[in-house]
Amino acid sequence: MSENEDQTKAISFLLRSFGRRQFLALSVAAVGAEFAHRFSWVAGVHAPLAMPPPTGAQGFLTAEEIAVLGAATAVIIPTDDRPGAREIGVVDYIQSLLSFLPGSDANCDRLVTAADVTATIHKLASADPACIGGGDVDGNGAVDGHDVAAATSAVFHARPVFAGGPFSGRQPQPHFPTGSLACQSCHGVSDGVPRRITERPGSALAENFPSNAFREHLPLPRLRAMSWKIRILGADAVPEAVGNPLATEMLETDLRRKYRHGLAALDAASRERFGRSFAELDPADQSSVLRQADPAFVQLLTLHTVEGMLCAPEYGGNRDRLGWQLIGFDGDSQPLGYTIYDPAVPGHYRERPDNPNSGPNPDEDCRGFSEAMERFLSILSSTSLVAPGGPFPEPYCLDVPP
Amino acid sequence: MSFSSDTPGILGNTGLDRFDALIIGSGAGGSAAAHVLTAAGWKVLILEAGDNHFPGLDRFDGRGGIPWPLYSNDEIKMSIRNFVRQDPLVEPRTFRTGEAEMARADPDVNALTRNVGGAAVISDVIYPRFTAVDFRLATALRDAGRDFPGASFADWPLVYEELEPFYTEAEQLSGVAGADEAPEADPFASPRSASYPLPPQPPMYVGRVLANGAVRMGYRPFPAPAAINTRPYDGRSPCVSCGFCGGYGCPRNAKGSPAVTTLRRALVSGNCQLRYNAHVTRLLLDATRRRVAGVEYVDDDGQTQRATADIVILAASAIESARLCLLSDPDRAGIGNSSGHLGRHMLFHLQTIGVGIFKQRLHGERGRSVTHAMSDFRGIREGGAALHPDWPLGGIVEFGTSSEPIVSARESLRPEAVAFARAVGLSFKQLLVESPFHAHLAVMTMQGEDAPQPANRIDLDPDVRDVFGLPVPRLTYRNHPFELGASAFYKPKMLEILEAAGAAYGFFSPFEPSVPPRSRHVLGGLRMGTDPRESVCDRWGKFHDLDNLYCADGGVFVTGSGYNPTLTIIALALRTAAAIVSPADPERVLRGRTQGVEALAAHQVPDHNAMISQPEPAAAVLAEREGEPREGRRETLAHENA
């Protein structure tokens, strides 16, 4: 029996034994119905979710809002001969961020899966406070029927606020026994080039890539949970924040309300000016609407677009690591890293010939930047906005032929 | 007896219920003090406001090593979402530049972190020593006829030679990698009694590029001393140069941060209990008002708890330690403040940040944070014993870069930059793709010494409250012409280095006097000195006004020097704790130090005596303690300290 089938049975049993009457007593009949409806969707999904959910209406943002958001982030990072915000999955990152709720890991196993819906129901039945915030998914201070619906929604967006550690499994263990961690006899890197080792199938040492701890959701201690409620739900959700002006002033607070209002305002402006919804406008008109929009909201959008492009994929964005590829960034490099300890060589470190620590890559040149970028850097480095220096007359590249 | 804990919220020996010492804060200073005390057999309670990201730090992983931490190469977690940094949405601070101004709440008033092991866990662990002249700077400036009105320079109540054995011990404990022989060594460093325990770090590209420029200009860069393993050391694995270093906890415990060195030793000794997510809100005085009877703290369920011990050591970092003294006095004048100097003479480092954009990619995403540095702009003579005759006092210059693409992109998103980019027909996407502020960036950071000033201070904000309902720290700070002049003096020289290194463009991060300094080097406020009218703590870190309260963090610093302060914090805390366990001869605890955690790991039997001291002297101190009336012993201590 699969894990999911187990969970289905457990939840069905709980729902039966819990009884509709108790749901009614908690004035959550509608929630129960919605939960049952949504759960049929959850049951078909592997837990934990390996891929972002299909871009759509599940989660905080509605399908209409998702459409506006997708168009707006594509104005910020458009698709050209390289991938843009759409292909990189920025919308999924933002939807996950907004759909996150502090207590959604209700059974405190550091994963947000269908099992947390079960755990939330358990806690509802037993009034078990359990781990910090766990079960109080909507953060209203009580574990109640609303949390079941909220937990179900969170499962669709099983993305951590703080991903676990230490390794993502994208890089292998280094080679030399004294330089390695757990895998004392793994030999993933011999000549400086990492490769996957599978020659001993079935053995514990067959896999020299560590497991992915980034999929785990680290629990939030009390103060961090308060902070995240302020971020997602606003200062009103945390009465203790009353003496702190930053809880209302800072840009990255009250995110749900800001996105709901901001996206609606974009759409309203484009209907007023062009008679069509924002998502249906051509890019030039979208850009024009965005330029006249609330600068604070545009700044928020831009920040989250960058995060959604360049985050570890476990946070929902950076699909297929397209964001990292776009800027030529290798991403997390542990446990391999760029210097491989080897007492047999001078300096006790070997470099990776493809990605050396102390010099340029073999295929890199000294060509510099595009013409537009050169203009930009000339202006920037001589302006008084940054204490002036300026362009230097004879730049050169150490270790790279001109 | 159980040495390790499965209880949430606790590390170490859960069986302890009576404590000889209570330490507030598990950072560089608190952990160093805990190590010395527990090794001498003292029972120690540590209260840490932050969370624990080292599950199983109090046990062995089965092969004698430390279980893996929760740190990772994860920019969202560490830099964007405040996994460890003090969170301004729940614990704000306020800032102003003078007494006449209204202070404003600001998201980053020199915020450090909230976590087991403290801020050094996520620092770049650059661990240079201060030099001999730093400890008698007031005299040196006076002799040179240099006068700085408004500044409160003073000599330290100890000299470099007294601290030197503790520097050596701190380097051994932390595993500092560096070079100490010419021509590689820092020519401006003061003499040392022992070599660095580890060979220097392997050079990274951006460090080589900038060091090349410095050498061409006639300066003498050296391998930056860092508490990062360059070979297996102390049961921890070597660094692999993963690139996510400064701002990040090490995923493989290759950084010799306080958590995995001194704190680890304390926890496995069986003499230590650490409660995390335990936020101390108040020190409680007894009826005499000469002794701290205990502390009040709020646990992670939001419940107020009390803890008591014979002595209390403040190690919450300079700003929070001063704040606790203020919060603990109903009149808000501050306990331990008969001098009126509590919270004053706050020190940071004025960072002068020179930025070079190079044509080639510099791969800041690889390597340690900083592998090369130079002391030529510190403004002292070779050997560190005297001032440079002409050059002003600046600081160490660190050669580094940015390894974080999201943070770099956020910087290049500054509205001015975006407006310029648009004007020259450059899209935001092109900015990210060409990545001048990430892939092509080289950064020189001078950690310039700030002049101490009595007006630069911490007090309690009259309006703003944290989530505990307590007044937050208010920083009043304005830079002195002393450091502004030095910054202006060295800037053109920094540009020359960038040009000589081959940079295409060079400029400086703007200096903004209206915002908080933002430096993570947070010092002063509980200044040490011999005269109780001019200082808060004595030369051992004990409060002049109180019989059993000590400070073991950067608060006691008299001047800030121009070097990264963590190693000095550790050395001072080791010395303070040594004076507590062995008042007549503090250096006794350094003798006979033969075994470290490696030896423990081999047989996995905690043996606290093996770790730092000869068993007999420690036992003798304990016997003496037991046999003596409590008050009498405190008087002895006070006498010897005086």
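What percentage of the 642 residues of chain B count as buried? In this predicted model, the share is 63%. The C-alpha atoms of chain B occupy a box of roughly 75 × 60 × 50 Å along the principal axes. A compact globule with 642 residues would have a radius of gyration near 26 Å, and the value of 23 Å for chain B therefore agrees with that expectation. The secondary structure of this chain amounts to 16 helices and 19 strands. Of the contacts in chain B that link residues at least 6 apart in sequence, 76% are between residues at least 24 apart.

The largest nonpolar core contains 283 residues, and the members that touch the most others are Ala33(B), Val36(B), Leu37(B), Val44(B) and Ile313(B). Helix α12 of chain B (residues 566-581) supplies the largest share of this core, with 12 residues. In soluble globular proteins, nonpolar side chains tend to be buried together. For Ile313(B), contacts beyond the neighbours within four places in sequence are made with Ala21(B), Ile23(B), Ile24(B), Gly30(B), Ala33(B), Tyr550(B) and Ala552(B).

Val44(B) also belongs to strand β3 of chain B (residues 44-47), where Val44(B) and Ile46(B) point one way while Leu45(B) and Leu47(B) point the other. Residues on both faces of β3(B) are buried. Strand β2 of chain B (residues 21-24) pairs with β3(B) in the parallel sense through four bridges, and Ala21(B) lies opposite Val44(B). Between β2(B) and β3(B) the chain passes through helix α1 of chain B (residues 28-39), forming a right-handed β-α-β crossover. A parallel pairing over four bridges also connects β3(B) with strand β7 of chain B (residues 272-275). Within this pairing, Leu47(B) has Arg275(B) as its bridge partner in β7(B).

A further set of pairings involves strand β15 of chain B (residues 441-449), which is mostly covered, with eight of its nine residues buried. Strand β12 of chain B (residues 349-357) runs antiparallel to β15(B) and is joined to it by nine bridges; here Gly354(B) stands opposite Met444(B). Strand β14 of chain B (residues 397-400) is likewise antiparallel to β15(B), with four bridges between them. The bridge partner of Glu398(B) in β15(B) is Thr445(B).

The interface between the two chains brings 87 residues of chain B into contact with 91 residues of chain A. On the side of chain B that touches chain A, the elements giving two or more residues include the helices α2 (75-80), α5 (205-216), α8 (405-412), α9 (415-423), α10 (428-434) and α11 (481-500), together with the strands β16 (457-465) and β18 (505-508). The largest share of this side, six residues, is provided by α10(B).

Because 10 of the 13 residues are buried, α7(A) is largely enclosed by the rest of the structure. The buried residues of α7(A) are Ala114(A), Ala115(A), Asp116(A), Val117(A), Thr118(A), Ala119(A), Thr120(A), Ile121(A), Lys123(A) and Leu124(A).

Note on methods
Residues are numbered from 1 along each chain as its sequence is written. Chains are lettered from A and ligands numbered from 1 in the order in which they are written. This is a predicted model: local features need pLDDT of at least 70, side-chain atom pairs count only at pLDDT 80 or more; totals for chains, interfaces and linings use all residues. A residue is buried if 20 or more other C-beta atoms lie within 10 Å of its own, exposed if 12 or fewer, and partly exposed in between; C-beta atoms are placed from the backbone. A nonpolar core is a set of buried Ala, Val, Leu, Ile, Met, Phe, Trp, Tyr and Cys residues joined through C-beta atoms within 7 Å. Two residues are in contact if their C-beta atoms, placed from the backbone, lie within 7 Å. Two strands pair if DSSP finds at least two bridges between them. A crossover is right-handed if, with the strands pointing away from the viewer, the path from the first strand over the helix to the second runs clockwise. The radius of gyration is taken over C-alpha atoms; the globule rule is 2.2 Å times the number of residues to the power 0.38.
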